[in-house]
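Here is a short briefing on one chain. It covers salt bridges, nonpolar packing and record annotations.

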Amino acid sequence: MASEPKERKSRSAAAFSGRYNSGSVWLGRVILFVVIFGLWEILSGRAFNAFWVSKPSLIVKRIYDMTLNGDLWYHLSVTLQESLVGLLIGMVGGTLLGIAIAFSGIFQKWVYPYIMALYSLPRVSLAPLFIVWFGIGMSSKILMVVAMVIFVAFYNAYEGVRNIDKDLLDMMSTFKAKWTHKLSWVVFPSITTWILTSLRLNIGMALIGSVIAELVGSNRGLGYYITYSSNMLDTTGIFTGLVLIMLIAVVLEQIIIQVERRLLKYR
């Protein structure tokens with residue numbers, strides 16, 4: 001009987017910290033997957049017209065066919081390349097810009113309103129402009145991804161630096177530490193959580209950016225495949241493209257989670 005309050009207390013602590021047994025987490029995810037896709041499979045063609053929403057079994061078959069005829073890698077590789085290169089450039093550029101402006105004194109007061117003005121631009125409308133400037137090649141797609149990603153990285157790095165303990169920086173200044181030492185010993189370790197958070201958020205933004213750019217003008221990629229399927233009234237093709245984008249996002253996020261666990265073992 002005495003163990004019951006202790007067990008209840010440990011469950012409350014787990015709920016508060018967000019830490020649960022990995023087996024129960026994955027079991028819940030599998031059950032949700034089976035319920036959602038099972039209902040979709042059963043109801044499609046019975047409760048509503050399968051032409052409009054397709055079926056999971058048809059999507060799996062389409063992915064299988066695309067794998068056999070080489071279309072899957074033909075389109076997937078382009079979208080992946082655009083997303084990853086743009087994500088890398090946007091993350092590095094946005095993070096360094098956020099750190100630089102956070103330490104720039106009064107200069108940050110001057111430029112901050114302009115950065116906010118740029119951030120408020122509807123970046124979807126920039127895709128045609130990038131294609132006019134750089135053509136329908138990969139450069140315009142990567143630039144679109146950078147435009148989607150860089151502001152999230154900037155704001156996370158900027159706020160991360162502003163939340164660093166000032167006493168630590170003052171202590172480094174007292175010991176006449178170089179800027180490189182301040183960055184490597186205080187700044188980057190302090191904002192690692194912010195950077196990883198922005199990286200996880202930006203996975204979806206990068207994919208959205210590359211697909212939008214491909215929708216506007218492209219001859220390869222998942223965005224192009226979705227547009228082509230839409231023109232053919234092929235709803236299974238449209239859902240196949242969307243499912244593939246979701247799968248990429250889930251896989252990339254799991255990679256980031258593993259990196260986060262290694263870097264933040266102390267949490």
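In this predicted model, the side chains of E159 and R162 form a salt bridge, at 3.9 Å from N to O. The two residues sit 3 apart in helix 8, so about one helical turn separates them. E159 is partly exposed at 28% relative accessible area. R162 is partly exposed too, at 44%.

**Other salt bridges**
- The count of salt bridges comes to 5.
- E253 and R200 pair through their side chains at 3.1 Å, N to O.
- This pair ties together parts 53 residues apart in sequence, because E253 lies in helix 12 and R200 in helix 10.
- E253 has a relative accessible area of 29% and counts as partly exposed.
- R200, at 31%, is also partly exposed.
- A salt-bridge network links R200, E253 and E260.
- K61 and D65 meet in a salt bridge at 3.1 Å, N to O.
- K61 and D65 are 4 residues apart in helix 4, which puts about one helical turn between them.
- D65 is partly exposed, with 28% relative accessibility.

**Nonpolar cores**
- The largest nonpolar core has 25 residues; L87, M91, V149, L222, I245 and I248 touch the most other members.
- At least two residues of this core come from each of helix 4 (56–69), helix 5 (71–102), helix 8 (138–162), helix 10 (179–216), helix 11 (222–231) and helix 12 (235–263).
- Helix 12 gives the largest share, 6 residues.
- A second, separate core holds 18 residues, including I99, I115, Y155 and V187.
- Beyond its neighbours within four places in sequence, M91 is in contact with V149, A153, I195, S198, L199 and N202.

**Nonpolar surface**
- L27, I31, L32, V35, I36, L39, I42, L43 and F48 make up a nonpolar surface patch, with about 820 Å² of accessible area together.
- One of these residues, I36, is placed in helix 2 (residues 22–43).

**Record annotations**
- An unreviewed UniProt entry lists residues 76–257 as "domain: ABC transmembrane type-1".
- Over residues 76–257 the chain is 85% helix and 0% strand, with end C-alpha atoms 22 Å apart.
- The unreviewed entry in UniProt also lists "transmembrane region" at residues 20–40, 84–107, 114–136, 142–158, 179–197 and 238–257.
- Residues 179–197 are 100% helix and 0% strand, and their end C-alpha atoms lie 25 Å apart.
- Residues 238–257 are 100% helix and 0% strand, with 29 Å between the end C-alpha atoms.

Methods: Residues numbered from 1 in each chain as written. Predicted model: local features only at pLDDT ≥ 70, side-chain atom pairs only at ≥ 80, totals over all residues. Heavy atoms only, no water. UniProt positions renumbered as here; feature names shortened; annotations may be inferred. Core = buried A, V, L, I, M, F, W, Y, C linked by side-chain atoms within 4.5 Å. Buried < 20%, exposed > 50% of the residue type's maximum accessible area, 1.4 Å probe, protein only. Contact = heavy atoms within 4.5 Å. Patch = residues over 30% accessible without salt bridge, like charges linked within 9 Å, V, L, I, M, F, W, Y side chains within 5 Å. Areas by Shrake-Rupley, 256 points an atom, 1.4 Å probe, with all protein chains shown as cover. Salt bridge = Lys/Arg side-chain N within 4 Å of Asp/Glu carboxyl O.
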